[in-house]
Amino acid sequence: MANKGKYYITTAIAYASGKPHIGNTYEIVLADAIARYKRLEGYDVFFQTGTDEHGQKIEMKAADAGMTPQDFVDKTAGEIKRIWDLMNTSYDKFIRTTDDYHEKEVQKIFKKLYDQGDIYKGYYEGWYCTPCESFFTESQLVDGKCPDCGRPVTQAREDAYFFKMSKYAPRLIEHINTHPEFIQPVSRKNEMMNNFLLPGLQDLCVSRTSFKWGIPVDFDPDHVVYVWLDALTNYITGIGYHCGGESTEQYKKNWPADLHLIGKDIIRFHTIYWPIFLMALGEELPKQVFGHPWLIQADGKMSKSRGNVIYADDLVDLFGVDAVRYFVLHEMPFENDGVISWELMVERMNSELANKLGNLVNRTIAMSNKYFGGAVTRTGDNGGQQAVDDDLKAVVTGTVGRVEAKMAELRVADALTEIFALFSRCNKYIDETEPWKLAKDETKQARLQEVLYNLLEGITIGASLLEPFMPETTERILSQIHADRVPYDTLSSWGHYPAEGSSVTAAPEILFARMDVKEVLARVMPAAADEAAKAGGKDAKADKKAAKKAEKADAPAAEGCAAITYEDFARCRFVVGEILECRIVENSRKLLCSRVKVGDDVLQICSGIRPWYSPETMVGKKVMVLTNLKPRRMAGLESQGMLLCAEDAEGNICLMTPENAAIPAGSEIS
């Protein structure tokens with residue numbers, strides 16, 4: 001593959017005040033997925049991360065721990081790096097702001113900006129937030145508290161050096177207006193322009209005297225360099241920037257950064273302060289700053305003070321690295337905050353990873369071994385199902401283009417959804433071709449071989465695309481089916497899997513095991529689980545009773561129903577729906593819970609059809625849906641519609657499906 005050029009990506013450097021929770025860890029996993037994907041595309045990627053290790057908060061925490069600040073940050077930086085490595089992230093450089101070369105360059109940068117008149121000495125008086133290490137005016141406070149973190153502030157006054165922000169503001173406004181891709185998402189750009197730049201920038205405090213744990217201002221040692229001028233410059237010092245001298249070849253190659261990936265809470269510092277510092281230094285601005293949303297607990301933003309923190313290593317112990325990577329990448333919308341909980345993690349583990357992906361690979365390998373001793377041959381026999389084969393191939397080979405389009409916009413969750421849609425299509429192909437029936441007919445062995453080849457080819461392409469997001473899973477899948485990863489530039493073509501006598505593994509390995517949510521909760525929070533069990537006994541019985549009632553309510557109406565008018569019928573809205581996801585409702589014997597696409601909407605619908613349909617066979621089906629049925633609770637879940645079925649005299653259920661499977665979801669039925 002031809003080299004597409006350099007790609008320099010950074011995360012915000014993690015503040016070395018303690019162990020990062022899963023919300024902090026999300027950022028490094030997101031950056032890693034982007035970096036790995038760019039490498040697949042053919043870019044020469046340099047991926048930098050690290051730790052921010054100075055400031056009053058760290059000085060105070062070190063004192064509380066009876067440690068020197070340096071010993072304290074050595075310990076916490078080591079813990080942060082351990083978590084980053086645990087999550088299998090492929091960073092090229094881990095910078096620490098206590099690194100000697102960084103500290104020396106920061107001193108040179110400060111002196112240069114002072115000598116050219118951009119920094120001047122004065123004093124600061126206002127409301128100070130210690131955790132954020134920021135001063136605020138009275139008007140900037142929210143309910144008398146810090147506008148960034150919501151914590152209490154104190155009145156403070158101290159001598160300080162200031163940077164003349166307003167000098168460069170017009171130039172920055174022009175840059176933002178002429179480079180619409182610079183700040184993403186657009187909502188973040190609007191916030192910066194309307195709330196900060198257009199009203200007018202105040203000069204920025206860039207030194208402190210009230211604490212000592214920082215980089216000394218070499219010409220005025222009572223002052224230490226304020227955190228943002230210190231921390232932000234890591235993006236250039238880490239790749240060899242030399243202030244006032246000849247920067248390294250690595251710097252000349254990689255700067256400007258192609259992407260600064262940061263949390264939305266520090267977007268102001270990266271899109272206003274950092275670009276202005278670079279303008280003052282005469283350096284190019286980064287090409288793009290993306291302020292991602294937060295991953296929050298189900299009961300609110302994660303906070304150690306609130307006691308609702310989930311850590312990556314605890315999740316990994318239960319679910320494994322790639323399951324955690326999948327979850328944090330898949331559950332984060334492009335702009336809005338994502339939610340994490342132990343219950344949701346188990347649900348995704350079971351429905352997406354164990355059922356949709358793991359079961360597909362397991363079934364395909366098992367059938368290949370059972371019917372042909374693991375020897376897979378491409379025969380070209382379509383068995384009269386050419387359209388079915390063509391549709392599978394179109395979906396599989398078209399996935400790379402859809403993923404590429406999503407990744408170009410940094411819509412990583414959507415890209416991952418496209419890959420799992422490929423696996424869903426392969427599962428549907430099994431239902432369409434029914435290999436177990438072909439195996440019983442001696443005349444259809446060539447067709448059976450072709451079906452299994454097509455499945456293995458689809459899995460090979462899907463697993464190759466999955467590598468940036470779940471690298472270990474890709475390796476495990478391809479190892480089991482004895483396939484090589486398909487080069488990115490050929491992923492949109494068909495026929496990569498060896499065509500004659502290829503041998504898959506003798507015994508398929510379980511990729512992801514289904515989990516019981518009660519067992520998981522009992523393990524991670526035993527006290528809470530016991531309390532919930534005692535308090536929720538009545539609720540559990542009520543849910544069980546409601547489930548049985550719901551299942552009965554799902555049964556067809558008895559004969560002799562009263563006649564209705566046409567107007568009664570016209571109030572019912574019937575449409576074609578497509579099943580996107582389906583899972584078993586644990587508290588019920590009969591219920592399946594499906595996510596059903598109807599036009600632009602997705603409904604959650606519970607149906608008493610579990611004895612006749614498995615979740616795997618449901619995904620991808622086109623069905624008849626009543627969409628304007630009043631929502632109701634079924635086994636503790638809200639059902640927002642009804643899937644229509646037929647029932648024979650023996651009580652067997654059959655879903656009503658359109659004769660033409662190509663009809664789009666959302667089409668009206670009349």
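Strands here are DSSP runs marked E, at least two residues in length, and they are numbered from the N terminus. Ser207 sits in one of these, strand 10, which covers residues 207-208. Keep in mind as you look around that this is a predicted model.

The average pLDDT for the protein is 89, and 90% of the residues score at least 70. One stretch to be careful with is residues 549-561, where the pLDDT is below 50. Beyond near neighbours in sequence, that stretch has 13 contacts in the model. Where pLDDT is low, the predicted coordinates should not be read in detail.

**Around Ser207**

Is Ser207 buried or exposed? Ser207 counts as buried because its relative accessibility is 0%, under the 20% cut-off. If you skip the neighbours within four places in sequence, Ser207 is in contact with Phe110, Ala160, Tyr161, His223, Val224, Val225 and Tyr226.

| Residue | Relative accessibility | Class |
|---|---|---|
| Ser207 | 0% | buried |
| Cys205 | 4% | buried |
| Cys654 | 41% | partly exposed |

**Cysteines without bridges**

A disulfide is a covalent bond between the sulfur atoms of two cysteines. How many disulfides does a search of the whole structure find? It finds zero. Take Cys654: the nearest cysteine sulfur belongs to Cys645 and is 7.7 Å away. A disulfide needs the two sulfur atoms within 2.5 Å, so Cys654 is in no disulfide.

**A covered helix**

Now find helix 12, residues 321-330. This helix is mostly covered, with 10 of its 10 residues buried. Among them are Asp322, Arg325 and His330, along with Val321, Phe327 and Leu329.

**One enclosed space**

Rolling a probe the size of a water molecule over the atoms shows where empty space is left. In this model, a search of the whole structure turns up one cavity of 30 Å³ or more. The largest cavity holds about 70 Å³ of space. Its lining includes Ser351, Glu352, Asn427, Cys582 and Val619. The elements giving two or more residues to that lining are helix 13 (342-372), helix 15 (412-433), strand 18 (574-584) and helix 23 (615-618). Which element gives the largest share of the lining? That would be helix 13, with four residues.

Terms used
Residues numbered from 1 in each chain as written. Predicted model: local features only at pLDDT ≥ 70, side-chain atom pairs only at ≥ 80, totals over all residues. Heavy atoms only, no water. Buried < 20%, exposed > 50% of the residue type's maximum accessible area, 1.4 Å probe, protein only. pLDDT = per-residue confidence, 0-100. Contact = heavy atoms within 4.5 Å. 1 Å grid on protein atoms, 1.4 Å probe; cavity = no way out; pocket = protein on both sides within 12 Å on 5 of 7 lines; lining within 4 Å. Points joined across faces, edges and corners; volume = space filled by probe spheres on them.
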